[in-house]
Amino acid sequence: MIHKFDVVIVGAGGAGLRAAIEIPKEYSCAVISKVFPTRSHTGTAQGGVCAALSNEEEDSWLDHAFDTVKGSDYLGDQDAIEIMCQDAPRAIIELEHMGMPFSRTKEGKIAQRKFGGHTKLEDPKDPNSKRIPVNRACYSADRTGHVMLQTLYENCIKNNVNFYSEYFLTDLIIEDGICKGLTAIDMATSEIHTFQAKAIMFATGGYGRAFRITSNAHVGTGDGCALVYKAGLPLEDMEFYQFHPTGLWRLGILVSEAARGEGGILRNNAGERFMEVYAPTVKDLAPRDMVSRAIISEIRAGRGILGSDGTYYINLDLTHLGKKVIDEKIPEITGFARTYLGVEPTKECVPIQPTAHYAMGGIPTNYDAEVLADNKGTLVTGFYAAGECACVSVHGGNRLGTNSLLDIVVFGRRGGKKISQFLKTAELHDFKTDPAEKTRVMMDKLLTQSGNEKLAVIRRELQQNMMDKCGIFRNEKDLLENKELIKQFKERYKNIAVQDKSKVFNTDLIETIELGNLLDIAESINEGALNRQESRGAHTREDFPKRDDAGWMKHTFITKNETGDPKIEYKPVVITRFQPMERKY
Amino acid sequence: MQVTFKILRFNPEVDKEPHFEEYRFEGQDNMTILDCLHKIKWEHDGTLAFRRSCAHGVCGSDGMRINGKNHLACSTLLKDINTKKTVVIEPLPSMPIVKDLILDMTDFYEKYKAVKPYLINKTPVTGDSERLQSNEDAEKLFESAKCILCACCTTSCPSTWSNDKYIGPAALLKAYRFVFDTRDEAADERLDIIDTPDGIWRCHTIFNCIESCPKEINITWHISQLKKELSSREM
């Protein structure tokens, strides 16, 4: 079946929904998603969304921009970061006007709290004074992402946005540098649908499921990024993958930084507040990459706490916060600790470990969400990307907490605006060949191939190796081993027998396609990590422990060459007003 | 420990009626029901179909009937239920089964849309500041805003079972979310929508909704606030 639209957005999380709201009514717009919109992963964001509103204390967008640049370890593009931080107050007020429920100050304004890496000068008149944590994160208890996603979906209902829920993206059709459409499987019937459109936006989210311990939903398999890579287009900075320091031990379920923003303290097996050593000024509120490394360093030094299954964890101490703060400010996350670990956070420490959380890298775009075809800035006509799947790059080497929710509303909207302009003169392009053919061949192959490999076994091995060899600490030996393993997984993938042969909700088939996507994603992350011989942000090479601005202050652009092997090129970082300096907190 | 699951299966391409199938596996206390379903699907039977995403009770995808009670598979642990006897897993009741544990939720979503689930406020605001709201007023909305649209409540309600036109607790909770938002100006419009025989008055305060809500929302209390609002409107 062929559908024709002016614009098709893939993904119904925050970025996709915000973009859809921006498309004027005179244009036909469809949003396709592999889950019902409110099931999208945006809903699991907890702690807040930053904007220099100055509702609790004096703050400025320039401080927010400085923190974001510094947090990115000077890999973020400063023009895009300035746009995001300057636009943040407007974006938050807009969400409030749309109906998003926020926690409030005494005056009835949007309440704000502290968050990792967000600071301001202790004495604003003295640029040499120390930087202290600032109340910048706007929040709704610890369900900020949930109510943001609900609010954006509600506004889509109000605007009569056209949804195709439980449609699974299978192919991106680009011919002669023009994006002409895509194909997707209707999961309820396995029927292949072609969407022909003047503009396509990917808002397909991240790929935490490439790792064993992750905060990401099962759907976080990087489908959009993988299709871009398969199409021969570049992915940017894939080696920069963030581990959130506080995932529930063994499970990876996120315990928001808000827990530390409200005063929570990390402690080792001696009960010591070890972050005092690693980040003397901001301590437990240091950026995520630093805290994650600190936790692993403590465990490696024998200062972790031995768990029942032989693995080690670190304690998150919330006991001193009191029942009132815990129940009112962080009820959801403390509920997770009770449900899944049987721990009572008002009385006991919560066992945590770092968890794969957020992709800084992704589909390269400019700050209007237009997708780049190469490192020289050539655009793919009619193709846009926003949200976690995109790399603008506002997060550089390490994203600051709360900036993901900000990214999706700022760049989702900018993409929607740019598409609306583009549609004034854009037209539909005919396909040169049958657009459904590739998907049909892939499905037939997967459903008929035989072999004794199991989907879940290969996926588990891939995830464990990505965790062990391409996780928080990396080195050449491990990365080379992992590269070889990924090659083997790709071979073994060809021998997976899909057990379910049915057409109605064949989730066995869908998971197998998702694993194929994860294998490409893992390859690009590992290759980027192997290539980058320095330590910056979330990318830590034990064999190259220093940041190397002269050699490596540049973005990685990775593509598949003609033979299917990865090829790497570079793009310079945009610097406006913040010169690189040593990153201390 | 050895665990036995009995799961209601239905493949519309071959089955005329749903039927139970049994699975035995080695389980652990701290496994969620979702972990168990994954174990069955990934190690034993790839054809088993169910929805899931976040796996920690936030996305609302995996509401199902576990030993006769509606709950999220990802928020129920083996230690929370009786595993000495066979654990019975069925789809939520009173919605059409598409395949195995996957239901056609169209009607549920339509009822949610019927209450106009979005802020309506026609008074212009200046672009650069928020509408003020006291924290007390904001917190009145928080419990209702926790709803994850999992449908556990609506499908646990005897009024739903006996009358498929009944709007149901989830949609009523959403109506509350906006009727009591001090920023909203369409309370009357929404109250008119629910003030019908198949609307709020089908709620006979049976409390099943509260018991089944995985987010522990006191849904009946919220519905009673709407009823009070309707009564005072008539006076």
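User: How many residues does the contact take from chain B, and how many from chain A?
Analyst: The contact takes 41 residues from chain B and 44 residues from chain A. Two residues are in contact if their C-beta atoms, placed from the backbone, lie within 7 Å.

User: Which elements of chain B supply at least two residues each to that side?
Analyst: Helix 1 (33–44), strand 6 (97–99) and helix 3 (135–145) of chain B. Helix 3 of chain B gives the largest share of the side that touches chain A, five residues. Helices (H or I, at least four residues) and strands (E, at least two) are DSSP runs, numbered from the N terminus.

User: How do the residues of that side of chain B divide?
Analyst: There are 19 nonpolar, 12 polar and 10 charged residues on the side of chain B that touches chain A. Ala, Val, Leu, Ile, Met, Phe, Trp, Tyr, Cys and Pro count as nonpolar, Asp, Glu, Lys and Arg as charged, and the others, Gly among them, as polar.

User: What should I know about the model and the numbering?
Analyst: This is a predicted model, in which local features need pLDDT of at least 70 and side-chain atom pairs count only at pLDDT 80 or more, while totals for chains, interfaces and linings use all residues. Residues are numbered from 1 along each chain as its sequence is written, and chains are lettered from A and ligands numbered from 1 in the order in which they are written.

User: Switching to chain B on its own. How many helices and strands?
Analyst: Chain B has eight helices and seven strands. Its C-alpha trace spans about 60 × 40 × 30 Å along the principal axes. Of the 235 residues in chain B, 46% are buried. A residue is buried if 20 or more other C-beta atoms lie within 10 Å of its own, exposed if 12 or fewer, and partly exposed in between, with C-beta atoms placed from the backbone.

User: How many residues of helix 5 of chain B are buried?
Analyst: Helix 5 (residues 169–179) of chain B has 11 of its 11 residues buried. They include Lys174(B) and Arg177(B). The buried residues pack against helix 2 (106–114), helix 3, helix 6 (187–194), helix 7 (208–212) and helix 8 (219–234) of chain B.

User: At what angle do helix 5 and helix 8 of chain B cross?
Analyst: Roughly 60°, and the axes of helix 5 and helix 8 of chain B come within 9 Å. Axes are lines fitted to C-alpha atoms, for helices over the stretch in contact, and angles run from 0 to 180 degrees between N-to-C directions. The two helices of chain B are therefore oblique to each other. Angles under 35 degrees count as roughly parallel, over 145 as roughly antiparallel, 65 to 115 as roughly perpendicular and the rest as oblique.

User: Which residues make that contact?
Analyst: Among them are Leu172(B) and Tyr176(B) of helix 5 of chain B, and Ile223(B) and Leu226(B) of helix 8 of chain B. By class, the contact of helix 5 with helix 8 of chain B has nine nonpolar, two polar and one charged residues.

User: And Thr220(B), buried or exposed?
Analyst: Thr220(B) is buried, with 21 other C-beta atoms within 10 Å. This residue is found in helix 8 of chain B. Thr220(B) and Leu172(B) are 48 residues apart in sequence and 9.6 Å apart in space, C-alpha to C-alpha.

User: What does Thr220(B) contact, leaving aside neighbours within four places in sequence?
Analyst: Thr205(B), Phe207(B), Cys209(B) and Ile210(B).
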